[in-house]
Amino acid sequence: MNETSTQIISAFVDNEPVDPDGLAAVLEDPASRAMLIDFVRLRQEVAGPDVPLPRSLARLRSRQAVARLPIVRWSAAAALLVLVFLAGWMSPRPLLSSDDTAVSAPPQPARVEKFVPGVDWSFR
Amino acid sequence: MHRSEVELLFATYREPVYRFLRRFLHDGPAAEDLTQEAFVRALGGSWQAGGQARAWIFQIARNLARDHLRAQARRPVLSPLGEHESRLRDPATALAVDAALATVDVDDREVFLLKELGGLTYAEIAAACGMTPDAVRSRLHRTRLALRRQLT
């Protein structure tokens, strides 16, 4: 079996035009017939089972949808930032209440002690 | 290209394109994405590959696959394809075929899978891969002989 013989078999398997007389001559050789069967078997094994088409390929995506994806992502990120900012702004702030004077003014004394000169403070 | 034309191409060729990409990349999810991407790109493209629709869509798909492989900077990983692979009649044979395919040069493998799974003619493969039909014939033949040697 020479190179030409095997090329004829390969072309025949590929459904390409071949010379019928040449093919007949090649197939008289048992080795060529075995090669033909091997090529057909190889095709079957490479093809494997019929894999179901994934659901994602049920329909063609639109080009706009693909192009819109980055815009949608950036918009979502911007909206999230605004939400975080608003949440921080509106959250309770115990150290900065709206009545700042109430926080800064000292409390009124409950009792007033007066210093009287001459009194012995060490006395118990 | 008009959407209705691409819709028609999608309905006709999505399956062979997906099967080709899945086998070539050995990566089901990537094959799904790239199949969609191939047809989405066709929406904005114009006829190439000598005006042959099938060759053109496969040309886009194989270019995407090449880019994908370059991005990964590695050869396709021969890991199990997933749950569907268990349906093979003979898993050992399937693994042997995968292993044999992995030893074939990537250009030869591409041509071989375009023929076996894409069903392209020599002329279409030549148009999709930018080579002559004779080169396609030669590569296919060489690949078959190499695979046969390894599998028998």
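## Chain A: contacts and fold

A contact means heavy atoms within 4.5 Å. In chain A of this predicted model, residues 24 or more positions apart account for 45% of the contacts with a separation of 6 or more.

Chain A holds 5 helices and 0 strands, and its pattern along the sequence reads α-α-α-α-α. Helices (H or I, at least four residues) and strands (E, at least two) are DSSP runs, numbered from the N terminus.

## Chain A: surface

Chain A has 124 residues, of which 19% count as buried. Buried means under 20% relative accessible area, exposed over 50%, and partly exposed in between (1.4 Å probe, protein chains only).

A:Ala25 belongs to helix H2 (residues 20-27) of chain A. A:Ala25 counts as partly exposed because its relative accessibility is 48%. The C-alpha atoms of A:Ala25 and A:Ser5 are 8.8 Å apart, for residues 20 apart in sequence.

B:Asp98 lies in helix H4 (residues 91-103) of chain B. B:Asp98 counts as buried because its relative accessibility is 9%. Its side chain makes a polar contact with the side chain of B:Arg23 at 2.6 Å. A polar contact is a pair of N or O atoms within 3.5 Å; within protein, one must be able to donate a hydrogen and the other to accept it, and residues adjacent in sequence count only if both atoms are side-chain atoms.

## Conventions

Residues are numbered from 1 along each chain as its sequence is written, while chains are lettered from A and ligands numbered from 1 in the order in which they are written. Local features need pLDDT of at least 70, side-chain atom pairs count only at pLDDT 80 or more, and totals for chains, interfaces and linings use all residues, while side-chain values use heavy atoms, with hydrogens and water left out.
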